[in-house]
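Please open the model in your viewer and follow the selections below in order. Each stop names what to select and then describes what is found there.

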Amino acid sequence: MTLDTTNPSGTVAWQKLRTHFEKMENVSIKEMFSNDASRVEKFNIEWQDFILDYSKNKVSEETVALLLELAEEVELKGAIDAYFSGQAINQTEDRAVLHTALRAKENDVVLVEGVNVVPEIYKVKKDIQSFTNEIVNGVRKGFTNKAFTDVVNIGIGGSDLGPAMVVEALQYYKNHLNVHFVSNVDGDHVNEVIKKLNPETTLFVIVSKTFTTQETLSNAETIREWFLQSAKKEDVAKHFVAVSTNIKKVTEFGIAEVNIFPMWDWVGGRFSLWSAVGLSISLVVGFDNFNKLLKGANEMDVHFKETAFNKNIPVILALLSIWYNNFYGAETEALIPYTQYLQKLAPYLQQGIMESNGKSVGRDGNTVNYQTGTIIWGEPGTNSQHAFFQLIHQGTKLIPTDFIGFKKSLYGNKDHHDKLMSNFFAQTEALLMGKNESQVKSEFEKAGLTSEKADFLLPFKVFEGNKPTNTLLIEKLTPETLGALVAIYEHKIFVQGVIWNIFSYDQWGVELGKQLANSILTEINSGEVKDHDSSTSFLLREYLK
Ligand code: F6P
């Protein structure tokens, strides 16, 4: 089955939403709260350890009903079934999209071209488990018979961002192994990492789905050369493992087949942390925690697949995002976790969201006539409050913002956690309520300002408010809740892609730059600048001087 190709802007629901928007454009969320004592109950979803409160949005019951009509009209339900059941919905690459199968239960059946892939997934999971245990317990040793102390993940994009984000997020659960990430082709990056390492006690995990990525292969070669300054060629087998679909290329690189963890072409790089791509996660937080991460994601998969759309967290988040993107014209969304542990969540989701939905051609082959692909950005609170919140509060742009907070901290420092969370609650309230003229004036009076000074300052001190936010309040940051949280955003991406009528699982847009970089590298190596636009030729000649 292929996905429906309905242009959303031609649907009845879209037309109704357009008309409805005229009524809602200048609506006051604050007024909607004062007119409806049960607003928060209406726009709230509780699921396991999660609460999604989306009442602080520019939506009425009618808005949500119309957005749900849109979801029905583009046949979202059928699309979800096609996604989970292994249909080749990544049509431009003729592949299924099955990161959800990686966290399926052992007795689940997921068919790809008639073959159940779950037993194979579980076989690889068992290999990850035994490899992890051997490294963590010091059973597998390095070439001088010393236990491993450090793990280096060599990969880029989806082969780096997911593991790096999770390892950072779950550092509370970490064991004694130090972990490092080398991604950029910038030689300074790899050198900065190498200088911290002892070749005798370091394990290198080369992660590349294709095993053709310039950055990863260059870094892997540089690291192997450095390693061979202290070790012999046959020692490589003890210190280098790979995760890839391309067994041939990995063996050509010199890694024995027994040291290759497979992945599958039906797993997209940016959704691959649940596969052996997450080997470094398993190594540093232990296989049990890695498995709990998968379990949390699987439970969110079940929620997404089986819950009515009006109580479905990913569906509601996606529909709200469509509302702001396509009717209010919002271009960006901010994501603010109130925990330092999630500092890499926004960069990680930048790939997920922008590589997936940054497309301008519809599934029918025509250029779309509406906005797609939200720009996502963010930093943890409270740091972000002291950096860019000014623009969210008083700038000219509409920036719908997700606030993610946890009821409990991991170390249980109540004083800090209460301060952190009071900021979390205060920010969404301030963004909603703002501060009007009379409130500002009474503050001026109390402060004893002269009327001249007060008149001058008044417009600058007023906060319009009415800024939309979602609040995700979660019990505690655990491997399970992290897995579920990431799965929420994965499914939000899917729903938006379905509605926008685009193919979310290819990434042709990153290819052109790669091709040009290769031909420019040939010119740099030969010292001969060929035909370019005059700006590029000028810059290349300057570089070669
Ligand atoms: O940036 C493009 C991309 O193909 C990503 O989608 C992918 O995550 C990354 O490159 C790395 O690819 P690979 O795992 O094949 O090295």
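Two residues are in contact if their C-beta atoms, placed from the backbone, lie within 7 Å. Helices (H or I, at least four residues) and strands (E, at least two) are DSSP runs, numbered from the N terminus. Residues are numbered from 1 along each chain as its sequence is written. This is a predicted model, in which local features need pLDDT of at least 70 and side-chain atom pairs count only at pLDDT 80 or more, while totals for chains, interfaces and linings use all residues.

**First selection: H18 and H19**

Select residues 437-447 (H18) and residues 451-461 (H19). On the H18 side, Glu 437, Val 440, Lys 441 and Phe 444 meet Ala 454, Leu 458 and Lys 461 of H19. By class, this contact of H18 with H19 holds four nonpolar, no polar and three charged residues (Ala, Val, Leu, Ile, Met, Phe, Trp, Tyr, Cys and Pro count as nonpolar, Asp, Glu, Lys and Arg as charged, and the others, Gly among them, as polar). The axes of H18 and H19 are 10 Å apart, at an angle of about 135° (axes are lines fitted to C-alpha atoms, for helices over the stretch in contact, and angles run from 0 to 180 degrees between N-to-C directions). H18 is therefore oblique to H19, since angles under 35 degrees count as roughly parallel, over 145 as roughly antiparallel, 65 to 115 as roughly perpendicular and the rest as oblique.

**Next: H7 and H15**

Select residues 161-169 for H7 and residues 345-357 for H15. The two axes come within 9 Å and cross at roughly 155°. H7 is therefore roughly antiparallel to H15. Leu 161, Gly 162 and Met 165 in H7 meet Leu 345, Pro 347, Tyr 348 and Gln 351 in H15. The contact of H7 with H15 comprises five nonpolar, two polar and no charged residues.

**Next: the annotated positions**

Remain on H15 and select Glu 355, which lies in this helix. Under "active site", an unreviewed UniProt entry lists Glu 355, His 386 and Lys 514 (positions are given in the numbering used here, feature names are shortened, and annotations may be inferred rather than shown by experiment). Do these three gather at one spot or lie apart? They span 160 residues in sequence, and the farthest two C-alpha atoms are 37.0 Å apart, so they do not all gather at one spot.

Select the 14 residues around the ligand (a residue is near a molecule or strand if its C-beta atom, placed from the backbone, lies within 6 Å of it). Gly 157, Gly 158, Ser 208, Thr 213 and Gly 269 come nearest. By class, the shell has two nonpolar, nine polar and three charged residues.
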